[in-house]
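Hello,

Here is the structure we talked about handing over. My notes on the ligand site and the salt bridges follow below.

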Amino acid sequence: MNTPIGSRYPAFLRHTHWITFVLVLLAYITINARKFLERGSAERLFAVESHFLLGMLVLLITVPRIVVRLRHAAPPIVPEPGVASRLAAWTAHLALFVFLVVQPVLGIASRLLSGRGIGLPLTEWAIPSVGAAQPELAESLEHLHEFVGEAFYYVIGIHILAALWHWLGRRDNALQRML
Ligand code: HEM
Ligand code: HEM
């Protein structure tokens, strides 16, 4: 693979990165917003169901993104970072990709196993649960989903700080490759 110096990630990978950023941000905002809305209100239902939809869209985008990513090496960072820095970035990006798949899957599985299905915002439609409900398993998966969601505030925060450090501290082209 011949990647010219100063090149960016392919357009599909750049676009899906930023669309995912917006979807994840909104998924966090909607699920936190529900705490300020009255239980049983239409507003709260809208917030929670929007959370489901946003999260499912993340999964839908991430699967083809990973397929495309596996066919393209990342464009080089100039000047090249040291081994430790490259290893840290590789680990963080792998963790983020795993999160973008596992987190929605946990949410979807917990709802479907709870027997409540996945309601879609502003409609009467819901993705129905099939088979017998397994409330205990559903609850465990929901707790795991909440734990992973909390943990990734830190991982995403570090990822953003690392991007800022490359841009303003190290002054390399790491961020420009994703713009
Ligand atoms: C990248 C996607 C997602 C992220 C980042 C995410 C994040 C979170 C977080 C942080 C919480 C805990 C909020 C709190 O208690 O403070 C949560 C709760 C929850 N999420 Fe997700 N989620 C995602 C996708 C999904 C999907 C696709 C579904 C289901 C279709 C889902 C279903 C749920 C449910 C049922 C809860 C518990 C809500 C409640 O207690 O009322 N999530 N999510
Ligand atoms: C202000 C917010 C963000 C900024 C400035 C940012 C910046 C960047 C940059 C510069 C890269 C390229 C890193 C490199 O190749 O060394 C990158 C990659 C990546 N980012 Fe972000 N990011 C942000 C938010 C997010 C969010 C919210 C997620 C997901 C939760 C995310 C997931 C990823 C993943 C998985 C990669 C690896 C991409 C690949 O190898 O194809 N980013 N990000």
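Which of the 21 residues around ligand 1 come nearest? They are Arg34, Lys35, His51, Gly107 and His145, where a residue is near a molecule if one of its heavy atoms lies within 4 Å of it.

This is a predicted model, in which local features need pLDDT of at least 70 and side-chain atom pairs count only at pLDDT 80 or more, while totals for chains, interfaces and linings use all residues. Residues are numbered from 1 along each chain as its sequence is written, chains are lettered from A and ligands numbered from 1 in the order in which they are written, and side-chain values use heavy atoms, with hydrogens and water left out.

Ligand site

Salt bridges

The structure holds 3 salt bridges (a side-chain nitrogen of Lys or Arg within 4 Å of a carboxyl oxygen of Asp or Glu). Arg170 and Asp172 pair at 2.6 Å, N to O. Asp172 is buried, with a relative accessible area of 5%, whereas Arg170 is partly exposed at 25%; buried means under 20%, exposed over 50%, and partly exposed in between (1.4 Å probe, protein chains only). Glu80 bridges to Arg86, with the closest N and O atoms 3.4 Å apart. Here Glu80 is exposed at 55% and Arg86 partly exposed at 42%.

Regards
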